[in-house]
Amino acid sequence: MLSDYWGEFLGLAVIHFLAVVAPGPDFAVTIRQSVKFGRWAGICTAVGIGAGISIHVIYTLVGISALMHATPWLMEAAKLVGAIYIIWLGIKFIRSKPANLDALENEEIIQTSQSRWKAFLIGFMTNALNPKATLFFLAVFTTVVSSSTPTLIQVFYGMWMCMVNAVWFVLVSIIFSNILIRNKFMQKGYWFERVMGVVLIGFAARLLF
């Protein structure tokens with residue numbers, strides 16, 4: 001049955017991939033987690049981001065998207081909550097301080113300085129509360145995906161998006177958790193965090209205004 005929807009799937013897959021690889025809150029958070037806390041924190045954050053997409057898939061499939069369009073204040077409320085969270089992340093990044101390079105020499109200390117569950121939640125909340133993701137899924141499932149596409153096929157689309165997001169950001173986390181790359185990056189990494197904090201706040205402000 002999927003063979004009947006290859007054209008639609010490929011269109012959705014390409015648009016989604018371009019959106020994933022474009023730098024945004026998910027990218028910034030994954031790099032920050034990997035650089036600051038190590039590979040497993042980055043991987044768990046990446047998995048959390050992939051899981052966060054399931055929220056957007058679920059409400060889209062059950063028809064909440066139609067409700068949001070019919071009730072504008074719901075969309076505004078979702079944008080406000082997401083923007084506030086992103087602003088909070090931006091402020092946290094801006095307040096970053098130089099890292100303790102002596103501690104970075106111990107791989108175990110880096111990896112256990114943040115629980116994997118907390119790393120997962122950070123990734124999950126970053127994506128689940130991202131209003132850009134909300135708008136993206138509403139746009140994709142109302143333009144690229146036909147209303148006549150079976151629900152089972154749409155579920156497959158959603159699972160594919162979750163997997164692609166998780167795999168991409170796992171790769172990002174592995175690259176930036178390399179000890180040589182990380183130690184070089186950490187020497188000036190707090191400046192990166194501050195810049196990304198400004199970017200996150202600017203991103204949220206753009207969404208709000």
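Residues are numbered from 1 along each chain as its sequence is written, and side-chain values use heavy atoms, with hydrogens and water left out. Because the model is predicted, local features need pLDDT of at least 70 and side-chain atom pairs count only at pLDDT 80 or more, whereas totals for chains, interfaces and linings use all residues.

**Helix packing**

Helices are DSSP runs (H or I, at least four residues), numbered from the N terminus. Axes are lines fitted to C-alpha atoms over the stretch in contact, and angles run from 0 to 180 degrees between N-to-C directions.

| Helix pair | Angle | Distance between axes |
|---|---|---|
| α3 and α8 | about 40° | 6 Å |
| α1 and α10 | about 30° | 11 Å |
| α2 and α8 | about 165° | 9 Å |

Angles under 35 degrees count as roughly parallel, over 145 as roughly antiparallel, 65 to 115 as roughly perpendicular and the rest as oblique. Helices α3 and α8 are therefore oblique to each other. A crossing is right-handed if the near helix is turned clockwise from the far one by less than a right angle, and α3 passes α8 in this right-handed sense. Contact means heavy atoms within 4.5 Å. On the α3 side the contact residues include W40, C44, I49 and H56, which meet residues of α8, among them R116, F120, F124 and N127. The contact of α3 with α8 comprises twelve nonpolar, six polar and one charged residues; here Ala, Val, Leu, Ile, Met, Phe, Trp, Tyr, Cys and Pro count as nonpolar, Asp, Glu, Lys and Arg as charged, and the others, Gly among them, as polar.

Helix α8 also packs against α2, and the two are therefore roughly antiparallel to each other. Their crossing is right-handed. P25, D26, V29 and Q33 of α2 meet A119, I122, T126 and N127 of α8. This contact of α2 with α8 has four nonpolar, three polar and one charged residues.

For α1 and α10, the angle of about 30° makes α1 roughly parallel to α10. The crossing of α1 and α10 is right-handed. Among the residues in contact are F9, L12, F17 and V20 of α1 and Y157, W160, M161 and W168 of α10. The contact of α1 with α10 divides into 13 nonpolar, two polar and one charged residues.

**The largest pocket**

A pocket is an open set of points on a 1 Å grid over the protein atoms alone, where a 1.4 Å probe fits, with protein on both sides within 12 Å along at least five of seven lines; lining residues have an atom within 4 Å of a point. The largest pocket holds about 260 Å³ of space. Of its 17 lining residues, A19, V20, D26, N127 and N130 are the closest to its centre. Helices α1, α2, α9 and α10 each supply at least two lining residues, and the largest share, four residues, comes from α9. The lining has ten nonpolar, five polar and two charged residues.

Methods
Grid points are joined across faces, edges and corners, and a volume is the space filled by probe spheres set on the points.
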